[in-house]
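Here is a friendly walk through one protein model, from its overall build down to a pair of neighbouring residues. Have the structure open as you read.

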Amino acid sequence: MAATYDVIIVGAGPVGLYTAGLLEERLNVLVIEIKERLGTKACSGLYSTKLADFVEIKKDFVEHKVKSALLHSPNGAVVRLEKQETTAFVVDRGLFEKYLAKRLKSEIIMATKVTRIEVDKENVAVHTDKG
């Protein structure tokens, strides 16, 4: 018989891991991730300082604090935006995602692809390449 969960989250990125942490207080949660390791997505780890409203900002994973930006338009114009205070953080995604994952009690299954989802009136079945 297959395992039963209240919630299955597909994707162990920052949002999936954070959501699992919120839900696991009341529900049985499983997180499924296609990648073999956390933090390997090839996109920036640029987050608003509002991130601190949701998780503790650790110096370990903050690489840079952002106070300004250059905007380049198609016609060649460049606009510089600058603030006195930090407006964003560039974080090491690997360290950040590992930090979020360590806080969880929920199970995380890595290197697993969701291949099909079946929905009926009573249940949702999630099928993976592992069975």
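## Overall build

The protein's secondary structure amounts to two helices and 10 strands. The model is a predicted one. If you follow the chain along its sequence, the elements come in the order β-α-β-β-β-β-β-β-α-β-β-β. With a radius of gyration of 19 Å, well over the 14 Å that the globule rule gives for 131 residues, the protein is more spread out than a compact globule.

The C-alpha trace spans about 60 × 35 × 30 Å along its principal axes. Of the contacts with a separation of 6 or more, 58% are between residues 24 or more positions apart.

## Surface and interior

How much of the protein is buried? Buried residues account for 26% of its 131 residues. The accessible surface is about 9300 Å², and 53% of that surface belongs to carbon and sulfur atoms.

## Strand 7 and its partners

Strand 3 (residues 46-48) pairs with strand 7 in the antiparallel sense, through three bridges. Here, S48 has A88 of strand 7 as its bridge partner.

Strand 4 (residues 62-66) also runs antiparallel to strand 7, and four bridges join the two. Within this pairing, you will find H64 opposite V90 of strand 7.

## Around the end of helix 1

Now turn to L23, which lies in helix 1. Beyond its neighbours within four places in sequence, L23 is in contact with V7 and V29.

E24 sits in the loop between helix 1 (14-23) and strand 2 (29-32). V29 turns up in the contacts of E24 too, along with R103, L104, K105 and S106, again leaving aside neighbours within four places in sequence.

## The charge on E24

Which side chain of opposite charge is nearest to E24? That side chain belongs to K105, at 4.8 Å. A salt bridge requires a side-chain nitrogen of Lys or Arg within 4 Å of a carboxyl oxygen of Asp or Glu, and E24 has no salt bridge even though E24 is buried.

Definitions and conventions: Residues are numbered from 1 along each chain as its sequence is written. This is a predicted model: local features need pLDDT of at least 70, side-chain atom pairs count only at pLDDT 80 or more; totals for chains, interfaces and linings use all residues. Side-chain values use heavy atoms; hydrogens and water are left out. Buried means under 20% relative accessible area, exposed over 50%, partly exposed in between (1.4 Å probe, protein chains only). Lys and Arg count as positive and Asp and Glu as negative; His and the chain ends are not counted. Contact means heavy atoms within 4.5 Å. Two strands pair if DSSP finds at least two bridges between them. The radius of gyration is taken over C-alpha atoms; the globule rule is 2.2 Å times the number of residues to the power 0.38. Accessible areas come from the Shrake-Rupley method with a 1.4 Å probe; for residues, only the protein chains shown count as cover.
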